[in-house]
Amino acid sequence: MAHNETVLMGSSQEIFEKYHIDEEVGFALPKPLEELPPPYDDWISIAKNLPELIEKNKLRERVDQLQIHSIDGLKDHKSQRLAHLTLGYITMAYVWNQGDKDVREVLPKNIAVPYCELSEKLGLPPILVYADCVLANWKKKDPNGPMTYENMDVLFWFPGGDCCKGFFLVSLLVEIAAASAIKVIPDLFKAVKNEDQNALQKALRYIASSLQQARKEFENINKYVDPNTFYNVLRTYLSGWKNNPKLPKGLKYEGFSDTPKEFAGGSAAQSSIFQCFDVLLGIQQRSGEEFAARFLQDMRKYMPPAHQKFLLSLESGPSVREFVLSKGDAELQADYSECVKAMVSLRDYHLQMVAKYIVIPSRQQENKGTGGTSVMAFLKSVRDTTQNFVLRDN
């Protein structure tokens, strides 16, 4: 605990190094690899051609023909992350294939064994998680160009055309905009420790502005993602096998486990950035609906271990909220509340987008998000709990 606090009080550079956070892209993987050496190029070749293989109904046949490859040749973190992303895409495609009418309950051992071994090594579950499809699934078209949608692309695609690129890249750009505030966390904690109100207000204003920028980036989802394509095509490939009636027992990973395993699909609840600001601002989701708090806690298991540790270290830091309340200063409280309101605004917008992209297209069908939870009830609870932490004028 004391060591964590020392790191949090140190330079932002120390935080970045200890917790695998990048100054420019935050929790995203900086400059992900795009290729793997033989024999792993077999996996890349399938992942790069997923839409075509699925359309021709050849995907499962190609996967069944693969040799089992030992993961021993994947030495460094970036190649392991690329392999995890690649095997995640292949697994989702193998299970769901041309939709959810012909679902496979067993992942063959030639994919299941290396995937599970690699997942254990990385401390991630053997399913496509947010840390794969959003945080490690991007490249710049012009390496010297800006981090903008126009200059970026995804590494791999699912069926549904540009919908896949739009959904993953907009999510990434929201993440990066919010993550620009991570570098002021040491300033924030130092200001509390030293009771430096001016420094605290400056840090809070920077956080509020970063969260407001993230909300602006989020609006681009309307431009790049079609609701019907998302609901009827892409959503299927992001669905997990936890609380999913299509796979009531979960998925069996042949050659690795005799019993099926249940894992939630990738979702924004697996993003470290918003849980990071909840902790930092003292927004206690456990004070709201129990199911929502439990789900958010459970989603931490789907984050890279270094990012899980970062959230735990923040929880051991000094309370910004208690300090703000103890000072009784109206201007300081207003700056703090601007941060909380920016979080409310992001969550409010997320609710609107879920209504647009899941609830309306689903009409009479049950609307579960890709993470396997009843999505509107969950998001409303999280938004309302966040709202409760805005400081009211006396």
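## How the chain folds

Let us begin with contacts in the protein chain between residues at least 6 apart in sequence: 77% of these join residues at least 24 apart. Please keep in mind that you are looking at a predicted model.

What does the secondary structure of the protein chain come to? It comes to 19 helices and 4 strands. The radius of gyration of the chain is 21 Å, close to the 21 Å that the globule rule gives for 394 residues, so the chain is as compact as a globular protein of that length.

## Extent and surface

Taken along the principal axes, the C-alpha atoms of the protein chain fill a box of roughly 65 × 50 × 45 Å. Of the 394 residues, 57% count as buried; here, buried means under 20% relative accessible area.

The accessible surface of the protein chain comes to about 17,000 Å². Carbon and sulfur atoms account for 47% of that surface.

## The largest pocket

The largest pocket has a volume of about 490 Å³. It is lined by 24 residues, and the closest to its centre are Val-279, Ile-283, Gln-284, Arg-286 and Glu-315.

Which helix gives the most to this lining? That is H14, with 5 residues. Helices H14 (272-281), H15 (290-299), H16 (305-315) and H17 (320-327) each supply at least two residues of the lining.

Notes:
Residues are numbered from 1 along each chain as its sequence is written. This is a predicted model: local features need pLDDT of at least 70, side-chain atom pairs count only at pLDDT 80 or more; totals for chains, interfaces and linings use all residues. Side-chain values use heavy atoms; hydrogens and water are left out. On a 1 Å grid over the protein atoms alone, a cavity is a set of points where a 1.4 Å probe fits but cannot get out, and a pocket is an open set with protein on both sides within 12 Å along at least five of seven lines; lining residues have an atom within 4 Å of a point. Grid points are joined across faces, edges and corners, and a volume is the space filled by probe spheres set on the points. The radius of gyration is taken over C-alpha atoms; the globule rule is 2.2 Å times the number of residues to the power 0.38. Buried means under 20% relative accessible area, exposed over 50%, partly exposed in between (1.4 Å probe, protein chains only). Contact means heavy atoms within 4.5 Å. Accessible areas come from the Shrake-Rupley method with a 1.4 Å probe; for residues, only the protein chains shown count as cover.
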